[in-house]
Amino acid sequence: MEYKEMRNETDKTYGIRAGICVLLLLFIWMIASDAYKMLPGFYEKVIRIGVFSDSYWNVQNGYSYQILEDAIEEFEKQHPGTRVEYVSGIIREDYSEWLSEQMMRGTAPDIFFVPGEHFNDFAEAGVLRDLTPFIEGDREFFPERYYTSAYNYGNYEGVQYALPYECAPKLMFVNKSILQQEGLAMPENQWTWEDFYQICRQVTRDTDGNGTVDQFGTVGYTWEDAFDSNGVTLFDEKGTECYLTDERAKAAISFIGKMEALNGGYSVSSKEFALGNVAFQPMLFSEYRAYKSYPLSIKKYSGFEWDCVAMPAGPEGRNISRLDTLTLAMSKTTIHKQDAWELMKFLTGDERIQSEIFSYSEGVSVLWEVVESEENQKFFAKDSDTGNVLSLSVLSEAVEQAVVIPRFHDYDSAVAEVDRAVRNILEGSLNINRETIIQNRKVNHYLKEKQ
């Protein structure tokens, strides 16, 4: 009897110890995995933002976190009990890889910035939350406040996965000094392909008489620029068919060949523009803003006056180009959905925060009311080296009318295939009509295989 009581007492002791061990292990796991935050009384509302440290526009910028920190301070005032934090020091070059790793570990930020070149990848991976329920259920959210093209940048296969935060249209940079030396006027914003060609033809020449052409018309003007400005629809919405045989596409390819012929086979580099030897180069407006001001204007594009205008229009198109947009998306796994949505709305839709883009970044606000406001005219007023005044209406129209690139699976690889096709057409021995038909079949065959 005494032995049985001792045995029971021992078993009871072991049971208590085992229970303590289990509870201890459970406690350690909950602390390590942040699961304790889901328990009543322990819940902490912290919204995490994924962001990179340097400029999205690849130029020098000492204020990379300024807009975000100002926004966080104001947002926390308006939302007591909510704290917003971010991890600093992640450079843009490493950002997408870091973000992918966070998603695989299950520690993705609640909301995060998505560079334009990686939007398709994240949308295809299924890690972005569909914003449609928030958009349709929020009476205080108005999509029409955003530039149409910038807003549509966050749409993938008909689903809105992101809101635009900052953007920059592509414009044509002009070496005004070359035009002045050649007795040519600065092109108007409503200029055409023919205007573009004639100017390039007149400035392309040997300036020092040594028998070698050393001044050129343009560099960096691509078939995509020509397609965009001539109203070309390259693919169908699903990316199953290519339209290279469209007359507008053929006209654009012919124009590119005509422009390239001016250089006599010489491959002009962007360095030539920086040295002052090229009249035109398409660039993002962010680069115009970055290098138009002192002291960066001394470090790049020095020794000549330069400005920018809209892209030249094709016979079937308009003076439009593409838009690069930095978007803001929500993680599919966030447990703070509504608070994350409120923060996204604030960062992208608050006029004061969006106005700071003109002070601390090189891009353009995604809100038309901010870009067109008289208060922000000072950021586009007189330039120190030319005295010209950039028209806000021209900039605003360039953003609003920008081409919206179709979004479908493997879009980038499809474009690479078209790039090879266009090059083959230009270098082919057959006439452009027959060569285009052959290359279009090859691209469509590639698209069907990818399906």
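A residue is buried when its relative accessible area is under 20%, exposed when over 50%, and partly exposed in between (1.4 Å probe, protein chains only). This is a predicted model: local features need pLDDT of at least 70, side-chain atom pairs count only at pLDDT 80 or more, and totals for chains, interfaces and linings use all residues. Residues are numbered from 1 along each chain as its sequence is written, and side-chain values use heavy atoms, with hydrogens and water left out.

**The whole chain**
- The chain has 20 helices and 11 strands. These are DSSP runs, numbered from the N terminus: helices are H or I with at least four residues, strands are E with at least two.
- Of the 451 residues of the chain, 48% count as buried.
- A contact means heavy atoms within 4.5 Å. Among contacts between residues at least 6 apart in sequence, 74% join residues at least 24 apart.

**Helix H8**
- H8 covers residues 193–203, and its buried residues are Trp193, Phe196, Tyr197, Ile199, Cys200 and Val203.
- These residues cover an arc of only 165° around the axis, which puts them on the same side of H8. The arc is taken from the directions from the helix axis to the C-beta atoms.
- The partners of this buried set include strand S6 (162–175), helix H7 (176–181) and helix H10 (247–261).

- In S10 (residues 323–330), eight of eight residues are buried.
- Leu323, Thr325, Thr327 and Ala329 lie on one side of S10, with Asp324, Leu326, Leu328 and Met330 on the other.
- Two strands pair if DSSP finds at least two bridges between them.
- S3 (residues 111–114) runs antiparallel to S10, joined by four bridges. Ile111 has Met330 as its bridge partner in S10.
- S6 is also antiparallel to S10, with seven bridges. Here Ala168 stands opposite Asp324.
- S6 pairs with S9 too, in the antiparallel sense, over four bridges. Met172 has Val309 of S9 as its bridge partner.
- In S9 (residues 306–309), Trp306 and Cys308 point one way, Asp307 and Val309 the other, and all are buried.

**Helices H19 and H20**
- The axes of H19 (residues 411–427) and H20 (residues 432–450) come within 9 Å and cross at roughly 160°. Axes are lines fitted to C-alpha atoms over the stretch in contact, and angles run from 0 to 180 degrees between N-to-C directions.
- H19 and H20 are therefore roughly antiparallel, a term for angles over 145 degrees.
- Residues making the contact include Ala414 and Val418 of H19, and Gln439 and Tyr446 of H20.

Notes. Parallel < 35°, antiparallel > 145°, perpendicular 65-115°, else oblique.
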